[in-house]
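Subject: Structure handover

Hi,

Here is the structure we discussed. Please load it first, then read the notes below it.

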Amino acid sequence: MSQFDGPGDRLPKKAALAVKKTLNYLGEEDRDIPIRLKSNILPGKGMASSTADISAVAQAVALSCGKRLTAHEIADIALSIEPSDATFFNGIVRFDHRGGTLIQQIGDCPPLKILIYDCGGEIDTVDFNTRADLVDLQKENEKYIKIALNLFRKGIQNGSIDEIGRASSISAFANQKILYKKQLNRFYKVGMQVGGKGIICAHSGTVLGLIVSADGDIENMKQSINEYMGRDFSYLDSVEIINQGIIDRKCDANEFDKE
């Protein structure tokens, strides 16, 4: 994915709503804060693009008003718009993406990389989370998710990528009955053959990821996966896990006057 450049784009609907809700929360309803957004996260893929937009915009508005929102405050604003991920918290957390309760701070993830691939199509987060059968299907998966969660906790505590990979693979396969991905079985097979530690899936999106060690041979892995998986499976990016939430920096305001 490309680096950021240019002055930014006009806000999408959810981000624009975050501006309004943040100003209302801060008691600054009468202020006009000029905000533009630049993102390289593809929408509709399950990579928390909307959460990134909403949380970044909310914090930018707060900073413009001389204040700083906590992660819990950002969660309240984000969840008033749609079910959200917990990417604005530091570290790895167990988070109620509908109700907003921070259930548990699990810890920091050890260094690892994820190779991200797209199965094709887009998923609307709001539509997905209002499915009539969703809660029942999630309840059916509860025993598998409990196993995965306990293994994941151990992996975080032990700094074990192998345990983390096994946990995420259990979760990914359990999610097949909720949002089926035809490429998952083949991706898991080739991914483990080339040295992956496990797979991760977007539970409400179209992407799959291969968890690899931080010093893994990414280029050779990519080549093998591409040859095995075929054309209906697109490589998007390789990313490194960080344990920070929102990071802000000051910049020259004149950058945003450029067209």
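Gln59 sits in helix α2. Helices (H or I, at least four residues) and strands (E, at least two) are DSSP runs, numbered from the N terminus. Gln59 counts as buried because its relative accessibility is 5%. Buried means under 20% relative accessible area, exposed means over 50%, and partly exposed is in between (1.4 Å probe, protein chains only). Leaving aside residues up to four places away in sequence, Gln59 touches Arg68, Leu69, Ile74 and Ile246. Contact means heavy atoms within 4.5 Å.

Before the rest, two notes on method. This is a predicted model: local features need pLDDT of at least 70, side-chain atom pairs count only at pLDDT 80 or more, and totals for chains, interfaces and linings use all residues. Residues are numbered from 1 along each chain as its sequence is written, and side-chain values use heavy atoms, with hydrogens and water left out.

Back to α2. Leu63 also belongs to this helix, which spans residues 49-64. Leu63 has 35% relative accessibility, so Leu63 counts as partly exposed. With residues up to four places away in sequence not counted, Leu63 touches Arg68 and Asp248. Leu63 and Asp248 are 185 residues apart along the chain, yet their C-alpha atoms are separated by 9.3 Å.

Next, α3 (residues 71-79). Ile74, Ala75, Ile77, Ala78 and Leu79 are buried there. The buried residues of α3 pack against α1 (13-26), α2 and β1 (92-95).

Now the helix pairs. Two packed helices are described by the angle between their axes and the distance between the axes. Axes are lines fitted to C-alpha atoms, for helices over the stretch in contact; angles run from 0 to 180 degrees between N-to-C directions.

α6 (residues 142-158) packs with α7 (residues 161-174) at about 160°, and their axes are 7 Å apart. The two are therefore roughly antiparallel to each other. The cut-offs: under 35 degrees is roughly parallel, over 145 roughly antiparallel, 65 to 115 roughly perpendicular, and the rest oblique. The crossing of α6 and α7 is left-handed. That means the near helix is turned anticlockwise from the far one by less than a right angle; clockwise is right-handed. Residues making the contact include Leu151 and Phe152 of α6 and Ile164 and Ile170 of α7. The contact residues divide into 11 nonpolar, 3 polar and 3 charged. Here Ala, Val, Leu, Ile, Met, Phe, Trp, Tyr, Cys and Pro count as nonpolar, Asp, Glu, Lys and Arg as charged, and the others, Gly among them, as polar.

α8 and α9 (residues 218-229) cross at roughly 145°, with axes that come within 10 Å. This crossing is right-handed. Arg186, Phe187, Lys189 and Val190 of α8 meet Ser224, Ile225, Tyr228 and Met229 of α9.

Last, the aromatics. Rings of Phe, Tyr and Trp (its six-membered ring) pair if their centres lie within 6.5 Å; planes under 30 degrees apart are stacked, over 60 edge-to-face, and the rest tilted. The count comes to 8 aromatic pairs. Phe88 and Phe89 form a tilted pair, 5.3 Å centre to centre with 45° between the planes. Both are buried. Phe173 and Tyr188 form an edge-to-face pair: 5.3 Å centre to centre, 80° between the planes. This pair links Phe173 in α7 to Tyr188 in α8 (residues 184-193), 15 residues apart. Phe173 is partly exposed at 32% relative accessible area, and Tyr188 is partly exposed at 30%. Tyr117, Phe187, Phe233 and Tyr235 form one aromatic cluster.

Best wishes
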